[in-house]
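User: I would like to learn how to read the features of a protein model, one kind at a time. Could you take me through them with the general idea first and the case here second?

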Amino acid sequence: MKQIRDCKGRISLLELVVIILLIIEGAFLLTKGFGWYADKATTGDDSFLVNTADSTARVNSLNGMNCPVSDCGSAGECAHLKGDYYVGYFDETTHHIVAYPPKGYNQNKEMHIGDETYYGEPGTMVIEIKCKNGVVKLSWVKGR
């Protein structure tokens with residue numbers, strides 16, 4: 001098998017082209033890899049908020065009335081009862097569940113809760129919490 005180098009040990013034109021193409025391909029793969037990582041990082045932030053909202057709702061709904069709203073001191077009929085569910089909205093800044101939707105805080109255009117997928121522009125969606133008989137349901141809805 002003949003070597004690609006000439007007898008003086010220099011790199012041939014073919015080797016130079018292959019080396020340049022490998023460098024370009026490596027740079028392309030690095031930029032795609034960093035873009036993928038950044039996308040996954042923002043998706044992870046929305047998922048962490050869902051987990052925090054779920055945990056907060058489960059703790060708050062142990063108040064005997066199933067109301068997820070933080071510090072709901074209503075005795076008897078709760079003001080947060082809408083239809084069959086007690087409804088609240090997760091506030092990202094205070095990590096409390098409030099009665100009215102706050103300003104949107106999603107970081108990605110596509111959010112997931114379980115098997116459900118929700119779509120909305122970044123900064124427009126909030127997590128809605130519905131509780132009934134110890135069951136907590138979460139969904140992404142439009143914020144204020």
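This is a predicted model: local features need pLDDT of at least 70, side-chain atom pairs count only at pLDDT 80 or more; totals for chains, interfaces and linings use all residues.

User: Which side chain meets Asp 84 in a salt bridge, and why does the pair tie together parts that are 48 residues apart in sequence?

Analyst: Asp 84 meets the side chain of Lys 132 at 3.9 Å, N to O. Asp 84 lies in the loop between strand 1 and strand 2 whereas Lys 132 is in strand 6 (residues 125-132), so this pair ties together parts that are 48 residues apart in sequence. For accessibility, buried means under 20% relative accessible area, exposed over 50%, and partly exposed in between (1.4 Å probe, protein chains only). Asp 84 is exposed at 54% relative accessibility, and Lys 132 is partly exposed at 30%.

User: Which ring does Lys 132 lie over?

Analyst: A charge sits over a ring if NZ of Lys or CZ of Arg is within 6 Å of the ring centre and within 35 degrees of the ring normal. Lys 132 lies over the face of Tyr 85, at 5.7 Å from the ring centre, and the charged end of Lys 130 also sits over the ring of Tyr 85, 5.8 Å from its centre.

User: How many aromatic pairs does a search of the whole structure find?

Analyst: Rings of Phe, Tyr and Trp (its six-membered ring) pair if their centres lie within 6.5 Å, and planes under 30 degrees apart count as stacked, over 60 as edge-to-face and the rest as tilted. The search of the whole structure finds two aromatic pairs. The rings of Phe 90 and Tyr 105 have centres 6.4 Å apart and planes at 80 degrees, so this pair is edge-to-face. Phe 90 is buried at 0% relative accessibility, and Tyr 105 is buried at 7%. Together with Trp 140, Phe 90 and Tyr 105 form one aromatic cluster.

User: Is Cys 67 buried or exposed, and what is it in contact with?

Analyst: Cys 67, in the loop between helix 1 and strand 1 (81-82), counts as buried because its relative accessibility is 0%. Contact means heavy atoms within 4.5 Å; leaving aside neighbours within four places in sequence, Cys 67 is in contact with Asn 60, Ser 61, Cys 72, Cys 78, His 80 and Tyr 86.

User: Where is Leu 21 found?

Analyst: Leu 21 is found in helix 1 (residues 13-60), and it is exposed, with a relative accessible area of 52%.

Terms used. Residues are numbered from 1 along each chain as its sequence is written. Side-chain values use heavy atoms; hydrogens and water are left out. Helices (H or I, at least four residues) and strands (E, at least two) are DSSP runs, numbered from the N terminus. A salt bridge is a side-chain nitrogen of Lys or Arg within 4 Å of a carboxyl oxygen of Asp or Glu.
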